[in-house]
Amino acid sequence: MEDREGGALLRLKVQPGAARNAVLEATEDYYRVAIAAPPAEGAANQALIRFLADLTGIRRRRITLAAGGHSRMKALCIDGVDAAEVRRALDGAMRARR
């Protein structure tokens, strides 16, 4: 995760078709996230954006898929926040899951 002009760039490894949405782990390079939606027709991408918006309190329209539309490795741009704010929300979701 890194700060970009006007926002943050978040790198994720997504596991679609999971039992439920969850932030599973953080590595040095990315967060691993489980998404319940199937990977068909962009459903998992949309569910991922909704899940991140709910976790962070950021409006969905401020979260855009920058890379990885058809891949498990994704990059998302989040406008109007810094990387530290997003990191706190994702780390908090991992702690709450345990």
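Among contacts in the protein between residues at least 6 apart in sequence, 45% join residues at least 24 apart. The model is a predicted one. Its chain forms 2 helices and 6 strands, which follow one another along the sequence in the pattern β-β-β-β-α-β-β-α.

**Overall dimensions**

- Taken along the principal axes, the box filled by the C-alpha atoms is roughly 30 × 30 × 25 Å.
- Buried residues make up 39% of the 98 residues of the protein.
- The accessible surface is about 5,700 Å², and carbon and sulfur atoms account for 44% of that surface.

**Helix 1**

- Helix 1 covers residues 43-56 and has 14 residues.
- From the first C-alpha of helix 1 to the last is 20 Å, close to the 20 Å expected at 1.5 Å a residue.
- The buried residues of helix 1 are A44, N45, A47, L48, I49, F51, L52, A53 and T56.
- These buried residues pack against strand 2, strand 3, strand 4, strand 5 (63-67), strand 6 and helix 2.

- A43 belongs to helix 1 and counts as partly exposed, because its relative accessibility is 28%, between the cut-offs of 20% and 50%.
- Leaving out residues up to four places away in sequence, A43 touches A37 and P38.
- A43 and L65 are 22 residues apart along the chain, and their C-alpha atoms are separated by 13 Å.
- A47, also in helix 1, is buried, because its relative accessible area is 7%, and buried means under 20%.
- With residues up to four places away in sequence again left out, A47 touches I35 and A37.
- The C-alpha atoms of A47 and I35 are separated by 7.0 Å, and the two residues are 12 apart along the chain.

**The end of helix 1**

- T56 is part of helix 1, and a polar atom of its side chain lies 2.7 Å from the backbone oxygen of L52.
- The side chain of T56 also reaches the backbone nitrogen of I58, at 3.3 Å.
- G57 follows helix 1 and has a positive phi, near 75 degrees.

**Helix 2**

- Helix 2 covers residues 83-97, which makes 15 residues.
- Its first and last C-alpha atoms are 21 Å apart, close to the 21 Å expected at 1.5 Å a residue.
- In helix 2, the buried residues are A83, V86, A89, L90, A93 and M94.
- Seen down the axis of helix 2, these buried residues fall within an arc of 135 degrees, so they line one face of the helix.
- The buried residues of helix 2 pack against both strands and a helix: strand 1 (2-4), strand 2 (7-16), strand 3 (22-26), strand 4 (31-35), strand 6 (73-79) and helix 1.

**L9 in strand 2**

- L9 has its place in strand 2.
- L9 is buried, because its relative accessible area is 6%, and the cut-off for buried is under 20%.
- Beyond its neighbours within four places in sequence, L9 is in contact with M1, E2, R4, A75, L76 and C77.
- L9 and A22 are 13 residues apart in sequence, and their C-alpha atoms are 19 Å apart in space.

**E41 in a loop**

- E41 is found in the loop between strand 4 and helix 1.
- E41 counts as exposed, because its relative accessibility is 86%, and exposed means over 50%.
- The phi of E41 is near 55 degrees, a positive value in a residue other than glycine.
- Most residues other than glycine have a negative phi.

Methods:
Residues numbered from 1 in each chain as written. Predicted model: local features only at pLDDT ≥ 70, side-chain atom pairs only at ≥ 80, totals over all residues. Heavy atoms only, no water. Helix = DSSP H or I, 4+ residues; strand = E, 2+ residues; numbered from the N terminus. Expected span 1.5 Å × (residues − 1). Buried < 20%, exposed > 50% of the residue type's maximum accessible area, 1.4 Å probe, protein only. Arc of directions from axis to C-beta. Contact = heavy atoms within 4.5 Å. Areas by Shrake-Rupley, 256 points an atom, 1.4 Å probe, with all protein chains shown as cover. Polar contact = N/O pair within 3.5 Å; in protein donor to acceptor, adjacent residues only side chain to side chain.
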